[in-house]
Amino acid sequence: VQLRRLGGGLVQAGGSLRLSCAASGNIVSINYMAWYRQTPGKQRELVARILATGSTNYADSVKGRFTISRDNAKNTMYLQMSSLKPEDTAVYYCNANLRNYQGFDMEYWGQGTQVTVSS
């Protein structure tokens, strides 16, 4: 299974960015997909998660500013980030819990992508 992420980069405070993460490979279904972020010296934290049902949850710090969504046909997840703040600066990681053809639920992480918000 591969998680291919796109997006990230540098943006000014108040701006917007969109991240995407596409899952491919030995996948029967996706249980959930999520975005995490991490800054130096801190633990990786959950930003947003979307379940197979479409239910979502967000970190309090991003509620109302970030929107997570999925395209089930493409096994792709998006994170639309708006009203970005310097404190959103971090490396963002795609995470997915998938069921494979062998019937096992497996956890995968994508490579991180840097998001930098300048003040």
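Both C21 and C94 are buried, a term denoting under 20% relative accessible area, with exposed meaning over 50% and partly exposed in between (1.4 Å probe, protein chains only). The structure is a predicted model, in which local features need pLDDT of at least 70 and side-chain atom pairs count only at pLDDT 80 or more, while totals for chains, interfaces and linings use all residues. Residues are numbered from 1 along each chain as its sequence is written, and side-chain values use heavy atoms, with hydrogens and water left out.

C21 and C94 form a disulfide (a pair of cysteine sulfur atoms within 2.5 Å), with their sulfur atoms 1.9 Å apart. The torsion about the S-S bond of C21 and C94 is about -75 degrees, and the disulfide is therefore left-handed. Distant parts of the chain are linked by this pair, C21 lying in strand β3 (residues 17-24) and C94, 73 residues apart from it, in strand β9 (residues 90-99). Strands are DSSP runs (E, at least two residues), numbered from the N terminus.

The largest nonpolar core contains 28 residues, of which M33, W35, L79, M81 and Y92 touch the most other members. Such a core is a set of buried Ala, Val, Leu, Ile, Met, Phe, Trp, Tyr and Cys residues joined through side-chain atoms within 4.5 Å. The largest share of this core, 5 residues, is contributed by β9. Beyond its neighbours within four places in sequence, M81 is in contact (heavy atoms within 4.5 Å) with G15, S16, L17, L19, R65, F66, Y92 and V115.

How values were computed. Helix = DSSP H or I, 4+ residues; strand = E, 2+ residues; numbered from the N terminus.
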